[in-house]
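Hello,

Here is the structure you are taking over. Please open it first, then read my notes below.

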Amino acid sequence: MHIRVLGSGAGGGFPQWNCNCENCKGLRTHSIESSARTQSSITVSSNEENWILFNASPDIRAQIESFPPLQPARKIRDTGIASIILCDGQIDHTTGLLILREHDKPWDIYCTKSVYEDMTTGYPIFNILGHFRGVNWHEVATEQEPFTIPKADDLVFTAVPLKSEAPPYSPHRHNTVPGDNVGYRVEDKRTNKNLFYAPGLGVIEDHVLEYMSNADVILVDGTVWTNDEMSRHGINDKLASEMGHLDQSSKGGIMETLSALSKPRKILIHINNTNPILREDSAERQILNDHGIEVAFDGMDIIL
Ligand code: MLT
Ligand code: MN
Ligand code: ZN
């Protein structure tokens, strides 16, 4: 299986259009060692021809231009994207669906019932796409039942319910239900290797730890280094935990959990522009390195 990181940034990307934080300013003025990141998405394929897109970021247009296998190659209107899987109904994970409206047939979209509800009520993108070629919705169950997708030869997908937050416009905003946020295990039957992907993760529950322990590669929520990162920068008073993201550096944070795992390659993804790990020369990045944890970048390829 080929995994391509299309966008390794969190909502807003890096630099964010209105952000003057040290990182965003530093990137613009070339005074820090780092690189720009588009918003959260990966794509996977087992045959290098048909690609499953995980999340459709507002940056999907540029992401397609950055990765030729997704580009039209066979007929006048064409794409390498066979189907789309959503982890949640957040703006950074779904707005790209509007950009993809010119598709010549209904999009096959795999998501849970509660994400479907977000996409047809609070943020009714599926309804809007109904005025174009429409959406062929495939319900993803939250009971961790493995499923397959046409054209994704040899890949087996399992949705893993996660504790995080539903988007502000979600009907479940204040009473999250299983399925508001899911991670995915993707196994290649030929190699028996598997990826665990969870770009938004608020709590590492036991079942999540088990998926992580048994994975060959983990791509997991790297939003913030500290829970109070936004208020530290004077941006707002929201804690990362209130937004459904577990920080890296605290006791019980992502770094501690990942460090204890021996099998998988461990990579942080969905990194917010305020996070000091974006600076390749930062002390925080060095601490991650010392713990054997990598930081995803746009264009990262992983072969499993
Ligand atoms: C999140 O991951 O919490 C959201 O994507 C943040 C946002 O873009 O509003
Ligand atoms: Mn996000
Ligand atoms: Zn910033």
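Is Lys105 buried, partly exposed or exposed? Lys105 counts as partly exposed, because its relative accessibility is 43%. Please keep in mind throughout that this is a predicted model.

**Salt bridges**

Lys105 has a charged partner. The partner is Asp104, and the closest N and O atoms of this salt bridge are 3.9 Å apart. The cut-off for a salt bridge is 4 Å. Asp104 is also partly exposed, at 28% relative accessibility.

How many salt bridges does the whole structure hold? The search finds 16. I picked out a few.

Asp228 pairs with Arg232, with N to O at 2.8 Å. Where do these two side chains stand on accessibility?

Glu294 is partly exposed, at 28% relative accessibility. Arg265 is partly exposed too, at 33%.

Glu49, Arg74 and Asp78 are joined into one by salt bridges that share partners.

**Metal site**

Which residues coordinate the manganese ion, ligand 2? They are Asp92, through OD, and His270, through NE2. The distances run from 2.1 to 2.2 Å. The two residues come from distant parts of the chain, 178 residues apart. Asp92 belongs to helix 3 (residues 91-94). His270 belongs to the loop between strand 11 and helix 10 (283-290). Both Asp92 and His270 are buried.

**Ligand 1**

Asp92 and His270 turn up again here. The residues around ligand 1 are Gly11, Gln90, Asp92, Met243, His245 and His270. Which side chains place a polar atom close to a ligand oxygen?

- His245: a polar side-chain atom lies 2.7 Å from an oxygen atom of ligand 1.
- Asp92: an N or O atom of the side chain is 2.9 Å from an oxygen atom of ligand 1.
- His270: the corresponding distance to an oxygen atom of ligand 1 is 3.1 Å.

How much of ligand 1 does the protein bury? Taken alone, ligand 1 exposes 270 Å², and the protein buries 68% of that.

**Pro124**

One last residue. Pro124 lies in the loop between helix 5 (113-120) and helix 6 (125-129). Is Pro124 buried, partly exposed or exposed? Pro124 is partly exposed, because its relative accessible area is 27%. Leaving aside residues up to four places away in sequence, Pro124 touches Asp118 and Met119.

How far is Pro124 from Glu294? In sequence, the two are 170 residues apart. In space, their C-alpha atoms are 36 Å apart.

Over to you.

Conventions: Residues are numbered from 1 along each chain as its sequence is written. Chains are lettered from A and ligands numbered from 1 in the order in which they are written. This is a predicted model: local features need pLDDT of at least 70, side-chain atom pairs count only at pLDDT 80 or more; totals for chains, interfaces and linings use all residues. Side-chain values use heavy atoms; hydrogens and water are left out. A salt bridge is a side-chain nitrogen of Lys or Arg within 4 Å of a carboxyl oxygen of Asp or Glu. Buried means under 20% relative accessible area, exposed over 50%, partly exposed in between (1.4 Å probe, protein chains only). Donors are N, O and S atoms within 2.8 Å of the metal (3.2 Å for Na, K and Ca); water is not among the atoms, so sites may look incomplete. Helices (H or I, at least four residues) and strands (E, at least two) are DSSP runs, numbered from the N terminus. A residue is near a molecule or strand if one of its heavy atoms lies within 4 Å of it. A polar contact is a pair of N or O atoms within 3.5 Å; within protein, one must be able to donate a hydrogen and the other to accept it, and residues adjacent in sequence count only if both atoms are side-chain atoms. Accessible areas come from the Shrake-Rupley method with a 1.4 Å probe; for residues, only the protein chains shown count as cover. Contact means heavy atoms within 4.5 Å.
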